[in-house]
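Thank you for passing this structure along for comment. Please have the sequence and the coordinates open while reading, as the remarks go from one part to another.

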Amino acid sequence: MDEGGQSALFDAFLFFVIALVASAAVLVYASLTLAESEERTRADALAYAEDVRVALMRSTLDDPWYLNGTGGIVHLGQGVPVERFLLDEIQLLADGLSLAQFSGTDSLILDRAESLVRSPFQIGIEASVSGSGNTTNLWLGAGAGPPSERFSAPWTYNADDGVEVRIAVHLWYA
Amino acid sequence: MRGEGGAAGFFEDVHVLIVVVLGMSILLGSLAAAYATHEGAREAAALRAETSRILRAILTSDTLVHGGERALIDLTALERLNASGLTLIAGTHRPLQLVIAERSGVAPRLFFLETSPVGLQRTSAATAISVWHSDLDVRPARITVTLEG
């Protein structure tokens, strides 16, 4: 092979390498533009969490109950919204009742919430009351609390006596 | 008339030609693949956006919601809804499927409505809603809208 032939072959290989690099860049760029942005996914999940919170809170319970301080069953009757029950529960917990006294209705609310959310989400409900010096918390869900990576839909209720109750629905990937 | 030098020159050019053609083919192939993928993704995104729009239209439809509250669907209105009513609310003539599955109550109900059979190419959008039976009976439900693409 003479000098001109070698030079042509070198140029051809150089072109080949450039074509390879350009192809890789084009394919990488195409795949990056395809991937849904993380922000969009997060916004959708937050909107879904809010829809779940609203649907769950305004759904009604069929005669929910709890055990009072003397162990007697208190029936609340038909048509009590989940939101109303949780607001009363967290106030009564702050007044000294224990979680076990609400366990029957709490497990029903959690079952309902879990059947409402679609895969691949898991759900937990958190309620807290503060303002009178102490803070009382309620957690319905797996584990001791929501994971750090979650999508939350909170709502705050202000009572006349300065007490602030917060109920939040948390979703996270199972 | 071809001498020794001429034959060698030809075979040298063939090597170069093969390398160049190969490089060009890879470049053009990847450009075509990227374009096709991009177009497919763009169409899929447009279909997803359309499905979400229809879902929002259903959740805020005056003929379906109870007391003007978003995502609180009136049971009577839902039972009365037919395919032409759904088409009117959705504002599309594409085949559309609506499924509402209650998640509480003694006998949770399932509502299924189709404007026409939805093909295999489809996109879905889903969220949580409430179905109003009465002021004493409001049930949470999953709503899924499936649109043919």
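The numbered points below take up confidence, the contact between the chains, the sheets and the helix packing in turn.

1. Confidence. This is a predicted model, and its overall scores are ipTM 0.82 and pTM 0.83. For chain B the mean pLDDT is 91, with 92% of the residues of that chain at 70 or more.

2. The contact between the chains. Chain A contributes 32 residues to the contact and chain B contributes 32 residues. On the side of chain A that touches chain B, at least two residues each come from helix H1 (3–34), helix H2 (38–58), strand S4 (78–81) and helix H4 (103–116) of chain A. The largest share of that side, 16 residues, belongs to H1(A). Sorted by class, the side of chain A that touches chain B holds 20 nonpolar, 8 polar and 4 charged residues.

3. The sheet of chain A. An open sheet of 4 strands is arranged in the order S6-S5-S8-S7 (chain A), and the pairing is antiparallel. Strand S6 (136–140) and S7 of chain A are at the edges with a single partner strand each, so one side of each has no neighbour in the sheet. Direction ignored, neighbouring strands of this sheet are turned against each other by 15 degrees on average.

4. Strand S8 of chain A and its partners. Strand S5 (residues 121–130) of chain A pairs with strand S8 (residues 164–173) of chain A over 10 bridges in the antiparallel sense, while strand S7 (residues 151–158) of chain A pairs with S8(A) over 8 bridges, again antiparallel. A:Arg166 in S8(A) is the bridge partner of A:Ser128 and is also the bridge partner of A:Thr156. A:His170 in S8(A) is the bridge partner of A:Ser152. S7(A) and S8(A) form a hairpin with 5 residues between the two strands, and A:Gly162 in the turn has a positive phi of about 85 degrees.

5. The sheet of chain B. Here 5 strands make an open sheet with mixed pairing, in the order S1-S4-S5-S2-S3 (chain B). Its edge strands are strand S1 (72–74) and strand S3 (110–114) of chain B, each of which pairs on one side only. Neighbouring strands of this sheet are turned by 30 degrees against each other on average, direction ignored. Within the sheet, strand S2 (residues 96–102) of chain B runs antiparallel to strand S5 (residues 137–148) of chain B and is joined to S5(B) by 7 bridges. Opposite B:Leu96 stands B:Leu147 in S5(B).

6. Helix H2 of chain A against both sheets. H2(A) lies across S5, S7 and S8 of chain A and runs at about 45 degrees to S7(A). H2(A) also lies across strand S4 (122–134) and S5 of chain B, where the helix runs at about 20 degrees to S4(B).

7. Helix H2 against helix H4 in chain A. How do the two helices cross? The axes of H2(A) and H4(A) come within 11 Å and cross at roughly 140 degrees, and the two helices are therefore oblique to each other. The crossing of H2(A) and H4(A) is right-handed. A:Val52, A:Ala55 and A:Leu56 in H2(A) meet A:Arg112, A:Ala113 and A:Leu116 in H4(A), and the residues of this contact divide into 5 nonpolar, no polar and 1 charged.

Technical notes:
Residues are numbered from 1 along each chain as its sequence is written. Chains are lettered from A and ligands numbered from 1 in the order in which they are written. This is a predicted model: local features need pLDDT of at least 70, side-chain atom pairs count only at pLDDT 80 or more; totals for chains, interfaces and linings use all residues. Two residues are in contact if their C-beta atoms, placed from the backbone, lie within 7 Å. Ala, Val, Leu, Ile, Met, Phe, Trp, Tyr, Cys and Pro count as nonpolar, Asp, Glu, Lys and Arg as charged, and the others, Gly among them, as polar. Axes are lines fitted to C-alpha atoms, for helices over the stretch in contact, and angles run from 0 to 180 degrees between N-to-C directions. Angles under 35 degrees count as roughly parallel, over 145 as roughly antiparallel, 65 to 115 as roughly perpendicular and the rest as oblique. A crossing is left-handed if the near helix is turned anticlockwise from the far one by less than a right angle, and right-handed if clockwise. pLDDT is the predictor's confidence in each residue, from 0 to 100. Two strands pair if DSSP finds at least two bridges between them.
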